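Student: Before we look at any detail, could you show me how to read the elements and the surface of a model such as this one?

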Amino acid sequence: MRDPLSSSLRSRAGTLALALLLASSRLIPGTVAFTFASIPQPNLNLGDLGRVAFAGDFDSISLYQFEGQNETPTGLNGALLSRFPNGVFATLNETDADIKAMCPFTRDGALQGIVFGGNFTSVGTLRTPGGIALLHPNNGTVTPLEGLNGSVNALHCDDDGGRVFVGGSFTGGNSSNAIIWTKSWTNMPFSGFNGPVNSILKAPSGKIIFGGEFNGLGDNMTAVAKNNTQVLPIGSALLKAQTSSGTPGLSDPKNIVCKPDAATEGPDNTWLLSDTAPGFWQADFGFGFLPTKLRLHNTKLDGRGTKTWRYTALPDGGIMNFTFVDPLSGQQRFCDATCPLPEGNTTGQDFIFVNNIGMNAFKIDISDWYGQGGGLNGIELFQNDIYSYAINDFNEPKCGGVTTGATSTPTGPWQITPSHESNSQYLTATLQGANINPDAASVVFQPDIKQSGNYSVTIFTPGCIGDGTCGTRGRVNITGSMSKSGSRVKSTEIFQTNNFDKYDQIYDGYVDATDGFRPSITLAPSPGQSGVLTVVAQRVRFTLKSASSGNLNGLFEYDPNQQVVENDFANSVIDAAGASLSPTDQAIVSTLAAASDNTLYIGGNFSGNGLNNIFAIKDGASNATALKGNGLNSHVITTYQNGSIIYVGGNFTNTQDNSASGLNGVATYSNDDWQPLGAGVNGVVMFIVPFSLNLTANTPEQVLGISGFFNRVNGFGNNAAFSVENFSVWVPSQQNWLHNLNVRSISIQGTLMARSEVPGADPLFAGSISSSSLGASGAAALDSSNGLSLEPFSATIRAQQQQTSLRKRALANGRSSNLTGIVTATFYKENNMNKTILAGHFAASGTDKQNITNLLVIDGKDSDKVTGLDDQIDSNSTFTALGVLDGILFAGGFVSGQVGQSKIAGILAYDLSSNNYAGTQPPGLQGINVTVNAIAARPKSKDVFIAGRFQSAGSLSCPALCIWNTERNQWNSPGGDLSGEVSALTWISDTKLLISGNLTVGSNATNIVSYDFTNGQFQEFSGAGGLPGAVSALCPASSDGSQIWAAGKSKEGSAFLERFDGTKWLPVNGDLFGEGTDIRGVQVLMLSESHGKSDLIDEGQDLLILGQINVTNFGTASAVLFDGTTLVPFLLSSTAQNTPGSLSQVFVENPQSFFKSNQKHLALGFIVLIALAIALALTFLLVVAGILLEWYRKKSKGYSPAPTNYPDRMANVDRVPPEHLFGTLSGNRPPAI
């Protein structure tokens, strides 16, 4: 049974496959460790994109870095947990309910394994009856420790004795609620207790201390009953017989069951066999039972009667052994295959079963007879167990002297379900709705209680595997009335998600059976459940107990070195301390702890002379010691010891005398003083589990996981209160909650319930945990400067007041009113700005403590100052689309409000330079359920295209798509005849726009339309009408926009992804996507290293696919990378509700750079210098080449240099005297005539 409060903390789990290397050669022999193989980082080349970030539906997010990571939550159930190298918790194996305790089991100096126990019935697909199993160190396998029936609450591994002390609510090995495991189950001398054990501790003295809800030992736990039998309803069984006589009125096997008077004979009252022939009489029940007594009434009709017979148990086929009293001699006798019946004895002969054997049918074979043939006049079958079944036909009949009988009263749409692997058939109700009414179905069980006394009441739940309802099982609430004076069963919540049959103790106390009072147990759905819910109801059992044994009251000290238990419990200080508690015989001890000074601390729900809910027994003391303030003012549920400090968790708010404020649910006790953890929480703390975190300089330190039932951590000092989901982390070194510290750490949601040290290796944990490397609600940045890592934004968002969480759902039919958290985001760095805009449906606080509604702006040039929209926008608005042009932010969605004199409807304008609303607001959009889904500014223009679901903008008719011109501040129609609802806009050139959605152009329905701004014409994109279904995501596949990627869901509901290569559509293999895949965004990314060739994508590109992607043979991922052949998980996310998250958008600073080759570039100055140097070098080479070429040409034509040596330079001077040569130049000459 889950604890009443902790049961609501669980969430359903899937199975996580891990790649584990177990017990490698580097490890100490006999130890266990789990090594997780690293995943190579993708070769993304993101440098030209500037900042890169993601938006979507998540509260924590991780890169996919190690084999074994995925998004599968542990959900409603528990799990064995280890940790990845980055600190994130890893699920090793899941259970179908809680793991409440675990410890390392060592024998003869060698680790045998990790023993873990709880109320689970299976580990993975392995059945584990009794809720206890062993994790083997050498190979990681799990072995059930079979032999118990029930559940385990506490374990103590005793290294000195090589044994494990086990406590809980169970039976087995001739013991109840406490037993020892060595190599098999071993009883202690006192055979357990008469009530559940909640905690086990080895005291410094070596003695074992048990704490729980018991008041006696197990040797004589069952009280003497006035009437220890209950009649089984043979009349409702399927009856048949062979070789009946055929005589009218004497052949029906029903004649002899549930008769008012078994002595009556004749037609319709007697069953006869054919003359001189053997035969049988058989009853098949719809449930299992353990019969203890058979009563047969022989017939003497016409001298006939049964002489010998045998009883066969079915379906096993075993012949049963009986004891009976011989009516002639009065002596006890035994029989089996030939049991006798006296001739003529119609008063009934009782046969007592020697062995308790379970069965669901039986057969009476008659082998010999009196007279002409055999027959019977009546048959009755009894059992000791007191049951009330949900199926009324299985309850004790009102006949054969029974005047009341057990009953049940079902109300609601119950249907009978076959037993499958369970003990009996049961009722099933299928409910559905947004918030299922607990009164929609109920079953009231009323047993036939014959004597008042102390009873243990147990409810049985059939497993979900047999009927295939594991995916829709949930929680039920159990209430009841036990006495006329008003004693009631405390409201107890039980999960019905068990894979196999289980039972839970729901009450242990007094039950009244006087003056006609009948106790009752009511089963009904727990409140706060939605969707399809399957509720089952089978049976309730009441077991009568002894009242007391030796003055025990929730505490018992056992000396394992003694083979005989001390009868005088007053000799033990611990036992005597328990006996002094109130209420007498009903004190509840929930937790035990021992401090470093050997002081024993006992916590629970009790009172007595200052011992209120917690007290101490100091080492060597002769009596108990009250703690400061006389203890605490309510139930203490858990403790954790760290040196001299005792951490205490529970349902308290102060000390008993109200002297220490702030002790809300959790506190510490040290140096005889109480100290709060901050100011505590607003609910109940159930578990305190230590683990390590790297908070500063990669130095691990111990922190505490505080789990329970609370949704807020209280504020204290300068620390404001903050919302949580039943879990928070306390950092002892900082005396503060992790949430309040300005440190980057992993994100954790869920519940940590237990921890076990592992010799020579890291510890293991148990719980229901979803964790990621980064806690971030709805938006996270990707840093690629030194490998890949995720970073949070500086702003912190919270839910709007009318919301209970940041959970958001996918856009359904274009409606944005169901979305919460961050839905859309963008960067803007033009006009000397550096702004990050996050929008959706949330609340936040600005840097100046102002309230922000649904849209915030982070100014990177002003120390990340946070501003945003105020209450002029209605808080129930949701933004789904953003666009920026010339410093004006256009934000659209399901938006309403009043800005000055302007009524806002669907779209608003915000001036990023002044951090205020723009002076001119676009007139509101009009239509039914108006919403804006996409905003895209036309390149190199003053036009902003607004698209979604509307009919007009202001007074201008422009269905689904309209244009806002920022120069003229007016709406313009795009022209054409487009209608429907637009989901996305993508500009593939300065004038050409791609539009996707549920569209109609003229009279043609289509999914993708192209729009040419130059002529205002809409045209169906080539082949888009042949796509399998509506398009939910669209992006260019090439830099010129001639090729595109489109994704969505087919009409059959399966995901599709196709690429248009310029001439035809190329589909991606649909087998890559598992069932439930929801693609919400696609984007081409460039790579630093090429991958293999593919017809679908270029070698230097990967396609980023966003959404909730179910990768075949992996599970879900929020983002995957596609290389044309395979899908590789990239990002994993989860929500605060411990469910898989999803991504819808990647946004970058430089979206125009998606298709850049992204190679490294030099600065412009260096480029000019290099170009000049190259030019000079080329000029020099050309000159040299010209000289060489001219030399070669002249040489090839025989050119030789003129002589330069003249030996007789005056040899020809006398031939022409100089005066003759230049004589005409000596004077003036007359002109020639």
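Tutor: Helices and strands are here DSSP runs, of at least four residues in the case of helices (H or I) and at least two in the case of strands (E), and they are numbered from the N terminus. The model is a predicted one, and in it the protein has 4 helices and 92 strands.

Student: In which helix does F1180 lie?

Tutor: F1180 belongs to helix 3, which covers residues 1164–1196.

Student: Does F1180 count as buried or exposed, and why?

Tutor: The term exposed is kept for residues with over 50% relative accessible area. F1180 counts as exposed because its relative accessibility is 55%. F1180 is also part of a nonpolar surface patch of about 670 Å², made together with I1170, I1174, L1178, L1181, V1184 and L1188.

Student: What is the strand order in the open sheet of 4 strands?

Tutor: That open sheet runs in the order 6-5-60-59, and its pairing is antiparallel. Strand 6 (89–94) and strand 59 (747–758) are the edge strands, each of them pairing on one side only. Neighbouring strands of the sheet are turned against each other by 40° on average, with direction ignored.

Student: How many bridges join strand 5 and strand 60?

Tutor: Strand 5 (residues 79–83) and strand 60 (residues 761–772) pair in the antiparallel sense over 3 bridges, and L81 stands opposite F765 in strand 60.

Terms used: Residues are numbered from 1 along each chain as its sequence is written. This is a predicted model: local features need pLDDT of at least 70, side-chain atom pairs count only at pLDDT 80 or more; totals for chains, interfaces and linings use all residues. Side-chain values use heavy atoms; hydrogens and water are left out. Two strands pair if DSSP finds at least two bridges between them. Axes are lines fitted to C-alpha atoms, for helices over the stretch in contact, and angles run from 0 to 180 degrees between N-to-C directions. Patches are made of residues with over 30% relative accessible area and no salt bridge: like charges are joined within 9 Å, nonpolar side chains (Val, Leu, Ile, Met, Phe, Trp, Tyr) within 5 Å. Accessible areas come from the Shrake-Rupley method with a 1.4 Å probe; for residues, only the protein chains shown count as cover. A salt bridge is a side-chain nitrogen of Lys or Arg within 4 Å of a carboxyl oxygen of Asp or Glu. Buried means under 20% relative accessible area, exposed over 50%, partly exposed in between (1.4 Å probe, protein chains only).
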